[in-house]
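Please read them with the structure open.

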Amino acid sequence: MSRILPTIVGAQFCCTSLWFAGNAIAPELAARFQLPSGFVASLTSAVQLGFISGTLLFALLALADRFSPSRVFFVSALAAAAANLGVHLSGLGAERLLACRFLTGFFLAGIYPVGMKIAADYYQEGLGRSLGWLVGALVLGTAFPHLLRSLTRQLPWYYVTGATSGLAVLGGVAMLLLVPDGPYRRPGQRPRLTAFLAGFRQPEFRAAALGYFGHMWELYAFWAFVPVVLAAFQQRHPLAALPVPLLSFGIIGGGSLACVGAGLLARRLGPARVATTALALSGACCLASGLVLGGGSAVGLVAFLAFWGLVVVADSPMFSTLVARHAPAESRGAALTIVNCLGFALTIGSVQLTGWLAPRLPPPLLLLPLAFGPALGLWALWRGSRVAT
């Protein structure tokens, strides 16, 4: 039993390294395919759209409830790794490049929410702590391609996609061999196309889901545009000499510590209170971004983004805990999956909006519209004060 959580966490890290593998090498891909600088928004949205499509199908078919979640995770990991390697194919055009990233996101639907389902099947008590580690692994995995690119700057770009695909295969095999079905698993017998909607009839579930949606509006747009913000500052202040890939890894990856810390803190304060505090701090960062991003201090900018990187994701495992806690046990996998699906649908809107605003707004104001997400989330938590703490 002691190996279960470390294995789930390690597998989650390995497989979610596929998520931003394309973003880490976006300049090289843009040069190869003669794409505009704003292509990073399309690259990110292709993965998100694939993830949304995958989670919708997984939820409708209730795959993680009907079949062994570890096997679903394993098959999805192999398929996502193969799709990630698709960018190596010769004669690939921009459309097929986006298709490869779409398929990578599609099969990530069998990894992230299914990993949370597996954890919920093992840990009824202390679920917030367990999901803190799990989401922390997601954050670190998401940031890892930026570190990998920083360390392999002198090597061809395809080392990043090759390494992340190898990690995904390793994670899938580890989950299959070391994590059997959990003791609290209640398998579904047949697909019910409306099973994933059952949780939304409960006020506590709705409040947690709406809070999560507000959080997601901000999260991935922030992650996607951290390198853009740093590069824009570098252009305005050439003497700053910022190591953009390494700083991007630190700012995004540092959120993994916040996830773990939030999970531990939730044991004393409760997940709803921790989520509300983190979301409020993150919203304050959105509002303050116009002032800080327009300053001339590189140290101040990096410190601000580092703090934002902590609070922007600290509430993620708390919302997942609340959703899992209030979802019907027999459709928990489908409920987690559909909430992920809807949350990631919102990320396409925020990422595309931010990408559209990038050439139209002064750089310091670029991230200000992200404040709408925390505002929605805080309103939902306030309205749903009956959410268990």
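1. Start with Leu56. Its relative accessibility is 38%, so Leu56 counts as partly exposed. The scale runs as follows: buried is under 20% relative accessible area, exposed is over 50%, and partly exposed is in between (1.4 Å probe, protein chains only). Leu56 sits in helix H4, residues 39–61. Helices here are DSSP runs of H or I with at least four residues, numbered from the N terminus. Setting aside neighbours within four places in sequence, Leu56 is in contact (heavy atoms within 4.5 Å) with Ile338 and Cys341. Val311 is another matter: 255 residues separate it from Leu56 along the chain, and their C-alpha atoms are 28 Å apart.

2. A word on the basis. This is a predicted model, in which local features need pLDDT of at least 70 and side-chain atom pairs count only at pLDDT 80 or more, while totals for chains, interfaces and linings use all residues. Residues are numbered from 1 along each chain as its sequence is written, and side-chain values use heavy atoms, with hydrogens and water left out.

3. Now helix H1. H1 has 13 residues and reaches 18 Å from its first C-alpha to its last. That is close to the expected 18 Å, where the expected span is 1.5 Å times one less than the number of residues. H1 is mostly covered, with 11 of its 13 residues buried. Among them are Ile4, Leu5, Val9, Phe13, Cys14 and Cys15. What covers these buried residues? The cover includes helix H6 (69–84), helix H7 (94–108), H8, H9 and helix H10 (158–178).

4. Next, the aromatic pairs. The structure holds 18 of them. Rings of Phe, Tyr and Trp (its six-membered ring) pair if their centres lie within 6.5 Å; planes under 30 degrees apart count as stacked, over 60 as edge-to-face and the rest as tilted. Phe13 and Phe144 form an edge-to-face pair, 5.5 Å centre to centre with 70° between the planes. Phe13 lies in H1 (residues 4–16) and Phe144 in H9 (residues 127–151), so the pair ties together parts 131 residues apart in sequence. Phe144 counts as buried, at 17% relative accessibility.

5. Tyr220 and Trp223 also pair edge-to-face, at 4.9 Å centre to centre and 70° between the planes. They are three residues apart in helix H11 (residues 203–236), so about one helical turn separates them. Are these two buried or exposed? Tyr220 is buried, and so is Trp223. Both belong to a cluster linked by ring pairs, along with Trp19, Phe20, Phe51, Tyr112 and Phe344.

6. Finally, charge. How many salt bridges does the structure hold? There are two, where a salt bridge is a side-chain nitrogen of Lys or Arg within 4 Å of a carboxyl oxygen of Asp or Glu. Glu28 and Arg149 meet in one, at 2.8 Å, N to O. Glu28 is in helix H3 (residues 26–33) and Arg149 in H9, so this pair ties together parts 121 residues apart in sequence. Both Glu28 and Arg149 are buried.

7. Asp121 and Lys117 meet in a salt bridge at 3.3 Å, N to O. Both lie in helix H8 (residues 112–122), four residues apart, about one turn of the helix. Asp121 is buried, with a relative accessible area of 2%. Lys117 is buried too, at 1%.

Terms used
Helix = DSSP H or I, 4+ residues; strand = E, 2+ residues; numbered from the N terminus.
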